[in-house]
Structure formats: structure tokens, C-alpha cells
Amino acid sequence: MAKLFIENIIRFLVLILAQVFLFKNIGYYNLASPFPYIMALMLLPARIPKFFLFTIAFLTGIAVDAFYDTLGIHAAACATLAWARIVFINLTLQDDDYDASSTPGIGQMSFRWFLIYTFILSFFHHFTLYFLEVFSLNNFLYTLTSILFSCIFTTILIVLFELILYRRKKR
Amino acid sequence: MRNLWIFINRYSTFFLFILFFAVSFILTIRNNSFQRASALNSSNEVIGRAYEKINYFKAYINLNETNLTLAHENAALRALLKSSNYDSEVISRTIRDTLLEPQYSYIEARVINNSVNQKNNYLTVNRGSRHGIKKGMGVISSNGVVGIVLNVSPNFSTIQSLLHSDTRISASLSKSEAFGSLVWGQNAIDPQYAVLRDIPNHVEVEKGEQVVTSGYSLFPPGIIVGQVEETGITSGSSFLDIRIKLNNDFSTLRYIYIVIDKLSVEKEKLEEQNTENG
């Protein structure tokens, strides 16, 4: 349990720092920018209490917002992501599929499940993020396009990290 | 109460989501200037539209009254305008010289009506018989000949412009001093060009040569009319037709001078005797 706790804290720290110092500067013009820090939220233990999850998501969002100078936008996006995560896990996983402390990563779940999980969650996150940032329905199609491209970018990054870091774990 | 608690507990995910999202949203709007501005604007837009619509209908009710007051105001303002005053002051420029008796004097006038595109063009100016203008006087501007005074009323006179098919002005070529009459409107009705007629065939005419008034008729000698543009036109007889580019731009005439020839009456009287005798 302590190991899980430390692992998650380190993951949060590394991913948020990487996000604000490295991935903030990476992007294909305005069209696609990656937000792989949401991986930390996605990889929280599968049965984490809801309120706890929402609080962590909110605080993560606020932390990223502080660096992006957009107070509230990432927090809202992370709250949406937490909601999507709970709904998605409830819909796709039975209670006996996983134990309380297991991490919903490639190591525990199938590759296909993880890919869909990543894509849908990043879509919800990016959708909220971009529309709150633009704050209008003008150029709707352009915003939607950049959401989609950013989504693909983030998904690829997260799946790559997951493949590199967690491959050796037991199935 | 218990049912409510069960309901909330059942959809706790959704309520938690709403709670956290609302907090973030409020933070977003309160702390980001762009989002705050657009949120306020969109609400203002709704209110503004409503006010605009109401005002639009209100305006109809008062329309008659508003029109009346505006008309009164317009009339009052119009009376104050400088252009509604008639400028009756005339500065007649004559130079007293004990050796030379002045023959010509000039009255300046402002063009108040003008045309260049008709077959026969006229101008109206704001000087009339009160200022000593008589029928048949010559009119010039700073750029050259304008025309001949046609009719005179106490305060206005009309001028038969050079751009009139009946106007004949005696003009001569500046080098050879051969003279002919300047006409307009027989063939070409371009307001920039006129034709100098009755120049004998043997006269050598250069392109670009200046054409000036001859001094035989109403105008003082040497006033510029224009430049020779084309010399090759012959009317088949022993006379040349010379196309002339007029120096005056008739479409932009503003101020003109009316030429008063003191000796014209005497000259006409004398010349009348020629025909009586002949």
C-alpha cells in the first residue's frame, strides 16, 4: 500500500513537471498540443473513492493551471476526466476483474482496453479544455479538429510511456 | 429526506462532477480576463438586444414630433450658413496711370452653376447688372478664355461657355500670329478640345504651339486659350482646321473674371459704319 502511494506521488510529480516544463513547449503549431499529465490521473488505483479522485483531479488541474496561467481551465478539464473515468470503468469492468489497489494500466488490462480508455478519457479532457479556452462556438470545426489531433497526440504519448515503463510487470 | 439522500448517493459521481466542474468554471471566469469579458459580453448582448428592440418601437411613436423639430432646426441652421448670404461686394481692379489709359477692367465672380456635358453649355455666376455687367462681355479665368456673357439679371448672369456650338472667339497662333475663329461642338464634343478654323493653308503650324486671343473682339490680346494638338485636319478648302487642347478645365471652374472693355462701344459704332458704307 505504501509502495502504491509513493509510486503515485512520484508519478504525479514527474508527469506534472514534465508537462509544464517540457510538453508545454511541444506542439504542432496550434493544432495539436499534448497533455500527457492526465496519465497520472488515469493510472490512479481503479477503485479509488470518488470524492478522493475528484479532489486529486481538481488539485492536479489547479497545479497545471498555475503554470499555464489559466486558472480553472485545466481544473475543469480534469474534473470532466475524473467523471469520464468513473463512468468508463463502471461500464467496462466488473467488480471481480480487478482488485482494489490494482492500477488500470497495460500491465493489468489488455492493450486494446487501455488504448480505448486513454483515447476516450483524453477526448473528454481535451474537449473541455479547448472549449473553455476558446470560450465561444466560433470556428467550431477548427476547435474540434485541434481537439482531435491533440487527443491522438496525447494518446500516442501515453501509450508509449506505458509500453516503455510497465511492460515488464506481471500480467 | 431519506429518498433524497439515496438519490444523491446513487448519482454521486454526477453530483461530484457538477460540484467540481462548477468550482473550476467559476474560477475560470473570475480569474481569466478573456473568459470574464466574453461571459459578461454575452449576457450584455441579450439585454442590449432587448433594449434595442424596445427603442426601435418607441422611436416610431415620436417620429412625427421628432421630424418637426428637426425640420425647424434645419431651417434655423440653414439661415445661419455663410452660403445663404449673398456676397454683393465687388472689387473692381483698375490701375490708375497717367500715361496709359486703362482699356480693360475685370470683375471677379463665383461660378454657381456649370455644365460641360451638354451640346450647348452655360455657366451661371453670382454677378449681374448691379455690378456693371452687360450682355456680350468676355469672360476669362486664370487659365484662359471661358466664354461670353449671355443674359444678365440684377444679381446673376449667365455665360455662354466656350463649349457652345454658337460661340465664336477670335484667336491667333502665337508664333505666326495668323488668326482664326475658335469653335467647339461641330465634330468633337470633348470638353477638353476645340477647333481653330479659318487659318490659311500656307501658315506653318507646329504641334504644341500656343493659341491666344487675338484682341480683335471682346478679350484683351494674349490670353491663353490652349495648345495645338493636331494640325493635319483640312476641310478640303484653302483653310486648315486645327485641333486645340484647351488650357481651361471647364469642369473645375470656380472663380472667373468678367472683362469690361471701356472702348468696345466706340469700336462697335465705328465698325458699324463699315457695313453701312460697304
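Reply: In this predicted model, the axes of helix H5 (residues 111-134) of chain A and helix H6 (residues 140-166) of chain A come within 8 Å and cross at roughly 140°.

Me: Why are H5(A) and H6(A) called oblique to each other?

Reply: An angle must be over 145 degrees to count as roughly antiparallel, and 65 to 115 to count as roughly perpendicular. The crossing is at roughly 140°. H5(A) and H6(A) are therefore oblique to each other. As to handedness, their crossing is right-handed.

Me: Which residues of H5(A) meet H6(A), and what is the contact made of by class?

Reply: From H5(A) come, among them, Phe114(A), Phe119(A), Phe123(A), Phe127(A) and Phe131(A). The residues they meet in H6(A) include Ile147(A), Cys151(A), Ile158(A) and Glu162(A). By class, the contact of H5(A) with H6(A) has twelve nonpolar, eight polar and one charged residues.

Me: What makes the largest nonpolar core a core, and which residues have the most contacts inside it?

Reply: A core is a set of buried residues of listed nonpolar types, joined through C-beta atoms within 7 Å. The largest such set has 44 residues, and Leu41(A), Ala57(A), Cys78(A), Ala79(A), Leu81(A) and Ala82(A) have the most contacts inside it. Elements that give two or more residues to this core include H1, H3 and H4 of chain A, together with H2 of chain B. The largest share, ten residues, comes from H4(A).

Me: Which residues does Ala82(A) touch beyond those up to four places away in sequence?

Reply: Ala82(A) touches Leu41(A), Leu53(A), Phe54(A) and Ala57(A). Apart from the core of 44 residues lies another, of 42 residues, with Met137(B), Leu173(B), Val211(B) and Val259(B) among them.

Me: How many residues does each chain give to the contact between chain A and chain B, and what is the make-up of the side of chain B?

Reply: The contact takes 15 residues from chain B and 19 residues from chain A. On the side of chain B, the elements that give two or more residues are helix H2 (12-31) and helix H3 (33-61). The largest share, eleven residues, comes from H2(B). By class, this side has seven nonpolar, eight polar and no charged residues.

Me: How many helices and strands are there in chain A, and what percentage of its residues is buried?

Reply: Chain A has six helices and zero strands, in the pattern α-α-α-α-α-α along the sequence. A residue is buried if 20 or more other C-beta atoms lie within 10 Å of its own; buried residues make up 38% of the 171 residues in chain A.

Notes
Residues numbered from 1 in each chain as written. Chains lettered and ligands numbered in written order. Predicted model: local features only at pLDDT ≥ 70, side-chain atom pairs only at ≥ 80, totals over all residues. Axes fitted to C-alpha atoms, helices over the stretch in contact; angles between N-to-C directions. Helix = DSSP H or I, 4+ residues; strand = E, 2+ residues; numbered from the N terminus. Parallel < 35°, antiparallel > 145°, perpendicular 65-115°, else oblique. Left-handed = near helix turned anticlockwise from the far one by under 90°. Contact = placed C-beta atoms within 7 Å. Nonpolar A, V, L, I, M, F, W, Y, C, P; charged D, E, K, R; others polar. Buried ≥ 20, exposed ≤ 12 C-beta atoms within 10 Å, placed from the backbone.
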